[in-house]
Structure formats: C-alpha cells, structure tokens
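Hello,

Here is the structure I promised to pass on. My notes on it follow below.

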Amino acid sequence: MPLLDVRNLSTVFHTPSGDVHAVNDVSYSLQAGESLGIVGESGSGKSVGALSLIGLVPPPGKVEHGRIEFQDRDILKLQKSELQRLRGRRIGMVFQDPMTSLNPVLSVGYQLAEALRWHMDMNETDARKQVIETLRVVGIAHAEERLLDFPHQFSGGQRQRIMIAMAIICRPDLLIADEPTTALDVTVQAQIVDLIKALQQEFGMAVIWITHDLALVAGIVDRVAVMYAGSLIEYGSVDTIFTKAAHPYTQCLLRSMPGRESAERGRLYSIEGNPPDLRRQTEGCPFAPRCSQSVELCLADRPSLGPATGAHCVACWQATAQ
Amino acid sequence: MSATAHNQLAGGEVLCRVENLTKHFPVRRGFLRRQVGAIQAIDGISFDVFAGETLGLVGESGSGKSTTGRSMLQLERPTSGRILFNGTDLTLLSAVGLRQTRQNMQMIFQDPYASLNPRMRVGAIIREPLDIHDIGDKSTRNATVVELLEMVGLNGGHAKQFPHEFSGGQRQRVGIARALATRPKFIVADEPISALDVSIQAQIVNLLADLKDELGLTYLFIAHDLSMVRHLSDRVAVMYLGRIVEMGACADVFDRALHPYTQALISAIPVPDPGRRTRRQETVLHSDMPNPAAPPPGCRFHTRCPLATDLCRREEPEYRDLGNDATSHHVACHYAGQSPQTTVQARS
C-alpha cells in the first residue's frame, strides 16, 4: 500500500482571462520512505501540484477532479480541521523562500514551538526541549541561545534550516520540499541537500523534491517525474530517466545541461520556442509545437501516461511506438 | 579553447584594467546617522579584461562580484582605485565624459522583469540609449531598433508591444538588444540567465556566444552557476569576501583548482549523474560567510577552510602567479601548489 497515491489530479485556476489548467490529469504514487523528484520549468504545474496535495492551492485555483490518498485517507474529502491536523503533523513542507515563509515579528523559538503545541499538545517545557533538539539536528549552532532571535537575525542558509526544522519537528511521514535551495548559494545548496538526505535516512520520511534543476535531483532521489505544461510526461527511476529518457522533452533537458559532455565547449543544445499558454487547452501533446520529432498524430491527439506503478512511463506517441 | 582565448594567452590587448579597486559601503546607526563601520564589498582587487575574451566572475552572494561589475561601469563610484578603459581612467571622468565612454560599455541585468520599464513599449526601451547618446536621426533610429530586435531573435513587430506581453526569455532578449544599441565593445552581464527557465537558459547563452562572435564583444560574465561559467568563459576569477582568491584560464581553474574555496565551489556543483551519489565530503563548506563589515584577520577564508593553519589565521596570503610560461594562474593561498603531503605536514 503506497503512502501517497495521486490519481488523475487536475487543478484549474478560474481567471477572468480564461481557465488556466495548471495541473492536468496527473497520477503518481509514493511508498513510505521513498524519495521522488518532480522536475519542471516554472508554469509546469509542479508547485501547484504539491500545494494541491495539502489543500493549499491559492484562490482562484481549485482542484477540479482526481483522488489523493494519503495513508488510506482521501485528502480531497477531508474537513478543513482534519486537513489542518494533517498538515505539519503528517506532511511537512519546506518552501522556496525562507524569508517570506517565516513570520518576521515572531521569534524563531515561538514559531517552532507553535507546531508542537498545536499538533502534539505539548507543554512549554517539553516543547522548548524539542525545539532545541530539532534546531541542533538541522545544524543551528548554540540553539538554546537563539530561541528568542527573530528570522532577520539569521542568514539565508540558517533560515532555510529553520524552515526545515519547522517542517520536521512533528516527525512527518512525508516532507514536500518545493525548490528549497533555489534562493541559496551553491555552497549552501550543497549543505541543505545533504541535510535533507540525512534527515530522510534518520527518520525514514518520504520526500518529494520539487525543482527545475535536473542535475540536483540526480544524486538524491529514487524516482523522477518530469512535468511539462501541467502534465506529467515521464516517470521512472532516477537511473532510467538519466540513461534511457524516452520523452523528447526530457532528452532535451538532459542535453541542454552544460558540462554533461564536459570536453565539448561548442554550442549548448537548446529547445526552441516557449512553453505554451496554459489558458489554451490543446488537443494534442503540449510539447508537440516545440518537439523536433512531432508528427500529425502528436498535434491531433494527446498521448497518455501509462499506469504509474513504478515502471518507466512516458506520454509520447513516438516513444511508445518504438 | 576558442580562438580569442589563444589571442589572450599570447598577450592580447587589455580592454579594461582594474587597479586596486576598493568599494566600501558606510554602515550608519543612530539618530545622527553617524558612520559606525563599513561593509568592505570590494577590497583592493586588480585584474585585466582582454579584448575579445569572456571573463567569468564567480563567488557566493555577498562576495562582491556584482559590485565589481557595477564599479567597472561606474554605476557605483569606487572608494579608491582606478578603472582604465582603453587607457582612460574612468574614475577621473566628469559626468559628460563618462556618458560618452558609456557608449562603449553596457550592462545586461539579472531580472528581465525588473529591468524593463513596464510603461514603455519595447521599441522605446531599445531606442532610449540611441536617444540619450544622440546616435542617428529619428528614422535611422527606428530602423536600428528593428535591426537590433532581429539580431536577438525577435522581430520588428515586437517593438510596439509592452514588456508584460513577453515571456522571461524574450524579455531578456529585449534587455540584450538594449545593451547592444550603442554598439558597445564591453558588456557586463550580471547573472543574465539565473532568473530564466532551464530550457530558456541555453537559448540565451547561445545568443550571447553568437553575438560575441558577430560583433567582437568582450564580456564580464557574472554568475553563480559554475557550469554555465565554465561553458561560456575563457578565463575565470573567483571572489570571496571582496577579494579575488583565484584567477586563471577556465580549464586551469576548473580542472586544477588551487584555492580550497574554489575546490569547495566546484564540488558543490550538482553532478547530473545518478551513479555518483556521494560528493567529496571533505570540501563541503559547513558554515556561512563571515560578516563583510568585519572580515577575519589573516586569510579571509580561514574560518571556513578545512586546511587552515595558524599561519592562515595570522598572515594574509600573497596573491601570486603559479601558472606556467604560457598562462597565468593566480591564487591567494599559503599552501596552494604544494603537494598534499606538504600541506598535511604544515598542518600537523
């Protein structure tokens, strides 16, 4: 039984200029303790997909249909209060920008203890102990002296550590990390990646990494899902995606990474054109207008992704024909 | 290695020389806004940019790389030091003289959403430098705008549109067209691709490379994405806390990094290979950069350096050349160039 099972998830933003289909019929599953990388460009629906999992899609967005089963409960059918008990307790989330996701007028210790008082009904003494312990785990030096400090007194990397501490303080079963390193320097990125990896092993959490950086997920996840224009277009083990990518978009992404063939210093491989406007629902494959291998069928009919059961799945007429 | 790199290595012409450049930002406190200290954004750096090369400038945020680029164009007035562009000292120029020289040096900014005026049509944005520098008359200016748009892969019809009608990649193309309007020789590109999507980054990098070949441009390419810097640059300078700690030909710096900081930066690049799950752990940096208002004594990197000794804590390392006859490879580290055994002995 998977920890998380997402079936035919579709999230739509009803805007005055038309419906934006941010997430379009996406299905995947995640076992306990497993890590999944969701890779895509901005506007590919990777973040909205994750927010849909925890009922945090901002208005005018709405989950139109689909089923999200987490620990055998359908998240979409939960009451608001039940959802609140789940968020932060069973599912932790780390957002991209640690400055905007921490409250600037509350001390860090207070913000961390809030989760414990809310979810675990802990008293002040126990909560304090747990906060110090968790800050130590994420690598904040002199934790007990820094409880009363405010977010602006910490550096960017430390703030992201505090965000991670907040997400894991109740020992969740699933951690969703939405571009946790994008706002950080490469050196700090390496520290944060190592930290989340270590925490995953220690607590046996499942982790969903959302990123635009294919190179980043290579060393850290078990499986990769590639999204394009709201659709899941390829899904497989990390080795399969990197060595036997079948979807032309995934192949393009891999080829356009500099240094993959490090000796070569010619032109970078680039995908021409721009991602499509999600307000216009096309009949065919969303990547077809930019795809060098597209045929008539690609423009006329949308290929579907086979049942995501851990095997290598791809939504491409050409790839499945071969 | 490109042809331009060979020219440079054979002793190419210096286009821009930076001498002992220092930029301190005052820190003011209290009711009287008294100066209580200074952020040492750049602290006495010197280097040359050769005509026709791409010089990559890398470092963490706060290392002073953007301030260096902005000072070279005199967008920040340096605290001290000289900037010689084609032999003219820019720091001595008047506003009028500086404006004339600026025709030859332009900037591409990081965020194409913030660097284009949302109320101006794209045509007017690109024409503005021509208006300011009074190049050509009205009809030739408009023709130049169309030419520039086509040069960066857009078309003349785009001139009538507003920035919000464009995607991020297209906006960055507009920013590049604006930078090229006055036919500059030297372009400072400050993180030109970091705000763009992955599939668009390669397009812009290729465009920059094509324009360089076509127009004979010289770039200062500021970035934190080391793999892109490696791809695009002929030479690389690595900055840490307002100083250049290592500088040399791209291949030398990336394949034979001498400074522990450069080694740490390189080992932090994610490797797009699922087989290599472990990183060289000894070079992962564990703490944050010290406060630039109070840089540590001795070697500025010693607080984070895995190899630091008493000597590093006490004495500032000399910025010396460890290259061979053909290429220079500068580094500021007491132990650079020594075999690992000697380094270990020195430590124990």
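**Notes on the two chains**

In chain A, strand β10 (residues 231-237) and β11(A) run antiparallel and are joined by two bridges. Helices (H or I, at least four residues) and strands (E, at least two) are DSSP runs, numbered from the N terminus. Two strands pair if DSSP finds at least two bridges between them. Tyr235(A) has Cys313(A) of β11(A) as its bridge partner.

Before going on, the ground rules. This is a predicted model, in which local features need pLDDT of at least 70, side-chain atom pairs count only at pLDDT 80 or more, and totals for chains, interfaces and linings use all residues. Residues are numbered from 1 along each chain as its sequence is written, while chains are lettered from A and ligands numbered from 1 in the order in which they are written.

**Chain A**

An open sheet of seven strands runs in the order β6-β7-β8-β3-β9-β10-β11 (chain A), with mixed pairing. Its edge strands are β6 (91-94) and β11 (313-314) of chain A, and each pairs on one side only. α5(A) lies across β6 and β7 (174-178) of chain A. The angle of α5(A) to β6(A) is about 170°. Axes are lines fitted to C-alpha atoms, for helices over the stretch in contact, and angles run from 0 to 180 degrees between N-to-C directions.

Val23(A) sits in strand β2 (residues 18-30) of chain A. Is Val23(A) buried or exposed? Val23(A) counts as buried because it has 30 C-beta neighbours inside 10 Å. The cut-offs: buried means 20 or more other C-beta atoms within 10 Å of a residue's own, exposed means 12 or fewer, and partly exposed is in between, with C-beta atoms placed from the backbone. Leaving out residues up to four places away in sequence, Val23(A) touches Leu9(A), Ser10(A), Thr11(A), Gly45(A), Val48(A), Gly49(A), Ser52(A) and Gly230(A). Touching, or contact, means that the C-beta atoms of two residues, placed from the backbone, lie within 7 Å.

**Backbone points to check by eye**

Most residues other than glycine have a negative phi, and most peptide bonds are trans. Here are the exceptions I noted.

- Pro59(A) and Pro60(A) are joined by a cis peptide bond, with omega about 5°. Pro60(A) is in the loop between α1 (46-53) and β4 (61-70) of chain A.
- Asp72(A) has a positive phi, near 65°, and is not a glycine. Asp72(A) lies in the loop between β4 and β5 (73-74) of chain A. Asp72(A) is exposed because 9 other C-beta atoms lie within 10 Å.
- Gln74(B), also not a glycine, has a positive phi of about 65°. Gln74(B) is in the loop between α2 (65-72) and β4 of chain B. With 18 other C-beta atoms within 10 Å, Gln74(B) is partly exposed.

**Chain B**

Start with the strands. β1 (residues 14-29) and β2 (residues 34-50) of chain B pair in the antiparallel sense over 13 bridges. Phe25(B) has Ile39(B) of β2(B) as its bridge partner. Four residues lie between the strands of this hairpin, where Gly30(B) takes a positive phi near 80°. β1(B) also pairs in the antiparallel sense with strand β4 (residues 80-85) of chain B, over five bridges. There, Arg17(B) is partnered by Leu84(B).

Now the helices. α4 (residues 122-133) and α5 (residues 138-151) of chain B pack at an angle of about 120°, with axes 9 Å apart. The contact is made by Gly123(B), Ile126(B), Arg127(B) and Leu130(B) of α4(B) and Arg141(B), Thr144(B), Val145(B) and Leu148(B) of α5(B).

Helix α6 (residues 168-180) of chain B is mostly covered: twelve of its 13 residues are buried. Those buried residues pack against β6 (105-108), α4, α5, β7 (186-190) and α7 (198-215) of chain B.

**Where the chains meet**

How many residues does each chain bring to the contact? Chain A brings 36 residues and chain B brings 34 residues. On the side of chain A that touches chain B, α6(A) gives the most, with six residues. By class, that side has 15 nonpolar, 13 polar and eight charged residues. Ala, Val, Leu, Ile, Met, Phe, Trp, Tyr, Cys and Pro count as nonpolar, Asp, Glu, Lys and Arg as charged, and the others, Gly among them, as polar.

Best wishes
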